Amino acid sequence: MSELYHVSASPHVRSKVSTDKIMLCVVISLLPATVFGIYNFGVSALILTLLSIASCVLSEFLYTKLMHQKTTVKDYSAVVTGLLLALNLPATVSWWIPVLGGVFAILVCKMVFGGLGRNIMNPALGARCFLLISFTGQMTSFSSEKYAAIDAYSGATPLAYIKNGGTEYDLMSMFTGRTLGTIGETSAIALLIGAAFLLAMGVISIQIPAAYLLNFVLFLILFSGHGLDLPYLAAEVCGGGLLLGAFFMATDYVTSPITPRGRLVFGIILGLLTGIFRIYGGSAEGVSYAIIFTNLLVPLIERFTIPAAFGKSSEKKKKKGDA
Amino acid sequence: MSLGTFQGGVHPYDGKELSKSKALRPVLPKRDLAFLLSQHIGAPAKPIVSVGDQVKVGQKIAEAGGFVSASIYSSVSGTVKKIEPRRTATGAQCDAIIIANDNQYEEVEYPKRKPVDQMSGKEIIDAIREAGVVGMGGAGFPTHVKLSPKAPDQIDVIIANCAECEPYITADYRRMMEHPKELIEGLKIILKLFDQAKAVLGIEDNKPDCIKTLTDLTKNEKRIEVKALKTKYPQGSERQLIYAVTGRKVNSSMLPADAGCIVDNVETIIAVYRAVAEGKPLMERTVTITGPAIAEPSNFLAKIGTSFEDLIEEAGGFSVPPIKCISGGPMMGFALFQTDFPVTKTSSALLCLTRDEVAEGKQTNCINCGRCVSVCPSRIVPSRLAKFAEHDDMEAFERWNGLECVNCGSCSYVCPAKLSLAQAINYMRQKTLAEKRKKK
């Protein structure tokens, strides 16, 4: 009986959920979109994806080694970043684009802030925007003779085609994903399958995507000039990076508000900004910029949405009653 | 009937099947008994015996040290061996009266009581105070104080806390199954103090047999009803229970009495019955000895002062060496570094685990996932509050309602980053409260 037992503060039991399991769930949920992207765009998509993931994981590994920190690559968050970055690239970019993007995402957007949980914007999107600005040509050119078979709009993504006044878009192919775009954004159905998985596993909650999508649609109805044009609305929702952004990137825990009301506000601002960028902006896209910009508003949003604690309202009533 | 419940909460593995079917069994202590002078909230009791004195079962050995305090009685006959500081399960130190058991169990004559019907409210309260009854669910708040609110007329609901939401513990369950009549009689005694009140037995629906037994027994009682509650931790937390039963909300600056409620747990109500109807002081309580390390998980009627080691032996000893021994349940109990601690008025269980899940968890940075927010019964933001605690930012801690924490531990339980959120918040809450007291 001389041996001492373990002591710690309560509670003494813990749930089985862990950070790495959550990240693994996110990886799994992105697989349908990834597999479809590879099927749609060919082996180059596969190579770019692998390069992007390898670049992210290696950057994080080397950074932690160099800084004499415990390595954090085992939590799979670098894999998620790499995968998301790849899904946001056109399949035609040079091999060094995902490599550079991965390094930028991990080092500049994540590790210098203190690693997982400390970054202020979504690393994958931060890197995508960096690449978009620095290498606009490569990042926005989707047409190539190699993809002539599925290039129904002479080298334009469906969204760009619509923005230029096109009206003969094929909703079905946008839904299944047989169109042009970045590797992971084209197939609405693949993305929705992944999103359903995340929702079912309890990894994400519906507030952010629902507020985002509903407010975006509302904005389009009011300001796009198309009014309640259902095919147009469906095309806008399925096209571009909206579904990928709404379900997989706006819901990034670290860069979204933790307060329940804050999540709604966050989604609403995203819908608004995406609408503004898509309709009034120079490009047909707007999701990436909307998300990283709103990421920066998160501390402010949280400040104004501190939840009312249990029983706090009844206290006010009581005080009024006393007065 | 709809189930009473609250927002938030978690569903940890409940482990009750280990000891659920084991009937309550009295245990005779083999080792010396230690009666801690601080087994309750408030001033420690003052010893009224000296080393060498002979004591009997039921003899008062320490007098309440103030209004908010409680007397302590010997549960055995024997000799006062020494009075020395001992460590309590929570890690604090306080004086204890050590009594060598002579195994004769010679009892004092208990004072003759009037029949309950003829007792006045004051006589009932006095009997409860005299018997040293405190809240036996864990807090140890002296029951006579709780039953003397400022405005007794405004109390309209007496809640019997029969939730027993802590995993593994089955002590209250056995009490309800084996002594339901005493429980109801005890409730009736409390009802005599509050003319406007009705009594509600709040029972989690994982104990359907208790619900049925008590519903049948209270069929003809106009002022007593049974309310089934959703099985969810922390259903037995006072504020959550009041909300589940009445829909009223109580926060940290209020007492249950401010919402017209008084909450007492099963064991406390039984002690009230013994004190008032039988004139017997509080000397024993139910204790569950359980966990994967215990050979025969059991429910005991243990004499207060008995060493947990006696109870472990009575439960067949350890089948495998435990890693962690907890006084109380796994969610809010206190880890013990060894097991030679005495049973106190508030010891409901000893849980011996073969794994330390806290030590096994790999900590990462907070990923801001918000799971702690969705399970928090106080509807606050644990991860953020823990961060304020880390930064020692009292102002932000208060602004984000950190003082509303009930330390249920749901946030730590659910955290995927395996952070000890409840510990950090509780530390900061204590510190903030201490700071506020200083300013006053």
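## An open parallel sheet in chain B

In chain B, 4 strands form an open sheet with parallel pairing, in the order 11-10-9-12. Two strands pair if DSSP finds at least two bridges between them; strands (E, at least two residues) and helices (H or I, at least four) are DSSP runs, numbered from the N terminus. Strand 11 (224–229) and strand 12 (261–265) of chain B each have a single partner strand and stand at the edges, so one side of each lacks a neighbour in the sheet. On average, neighbouring strands of this sheet are turned by 25° against each other, direction ignored. Axes here are lines fitted to C-alpha atoms, for helices over the stretch in contact, and angles run from 0 to 180 degrees between N-to-C directions.

Strand 10 (residues 198–204) of chain B runs parallel to strand 11 of chain B and is joined to it by 6 bridges. Val200(B) has Glu225(B), in strand 11 of chain B, as its bridge partner. Helix 7 (residues 266–277) of chain B lies across strand 9 (157–162) and strand 12 of chain B, and its direction is at about 90° to strand 12 of chain B.

## Basis of the model

The model is predicted: local features need pLDDT of at least 70, side-chain atom pairs count only at pLDDT 80 or more, and totals for chains, interfaces and linings use all residues. Residues are numbered from 1 along each chain as its sequence is written, while chains are lettered from A and ligands numbered from 1 in the order in which they are written.

## Antiparallel strands in chain B

Strand 8 (residues 93–101) of chain B is joined by 4 bridges to strand 2 (residues 33–36) of chain B, and the two run antiparallel. Ala34(B) stands opposite Ile98(B) in strand 8 of chain B.

Strand 7 (residues 78–87) of chain B also pairs with strand 8 of chain B in the antiparallel sense, over 9 bridges. Here Glu84(B) stands opposite Ala96(B) of strand 8 of chain B. The hairpin of strand 7 and strand 8 of chain B has 5 residues between the strands, and Gly91(B) takes a positive phi near 100° in this hairpin.

## A buried cysteine in chain B

Cys405(B) is placed in the loop between helix 12 (394–399) and helix 13 (410–414) of chain B. Cys405(B) counts as buried because it has 23 C-beta neighbours inside 10 Å. A residue is buried if 20 or more other C-beta atoms lie within 10 Å of its own, exposed if 12 or fewer, and partly exposed in between, with C-beta atoms placed from the backbone.

Leaving aside neighbours within four places in sequence, Cys405(B) is in contact with Ser378(B), Ile380(B), Ile425(B), Asn426(B) and Arg429(B). Contact requires that the C-beta atoms of two residues, placed from the backbone, lie within 7 Å. Cys405(B) and Arg379(B) are 26 residues apart in sequence, and their C-alpha atoms are 8.9 Å apart in space.

Chain B contains 14 helices and 17 strands. Of the 440 residues of chain B, 57% count as buried.

Chain A has 15 helices and 0 strands. For its 323 residues, a compact globule would have a radius of gyration near 20 Å, and the 22 Å of chain A agrees. The C-alpha atoms of chain A fill a box of roughly 75 × 55 × 30 Å along the principal axes. Of the 323 residues of chain A, 51% count as buried.

## Domains of chain A

Chain A is divided into domain 1 (19–147 + 182–202) and domain 2 (204–305), with bounds that come from an automatic or database domain assignment. The C-alpha centres of the two domains of chain A lie 20 Å apart. Their contact takes 23 residues from domain 1 of chain A and 19 residues from domain 2 of chain A. On the side of domain 1 of chain A that touches domain 2 of chain A, the largest share, 6 residues, comes from helix 9 of chain A.

## Contact between the chains

In all, 37 residues of chain A are in contact with 58 residues of chain B. Helix 1 (19–41) and helix 15 (312–322) of chain A are the elements that give two or more residues to the side of chain A that touches chain B. The largest share of that side, 4 residues, comes from helix 15 of chain A.

Key: Rg over C-alpha atoms; globule rule 2.2 N^0.38 Å.
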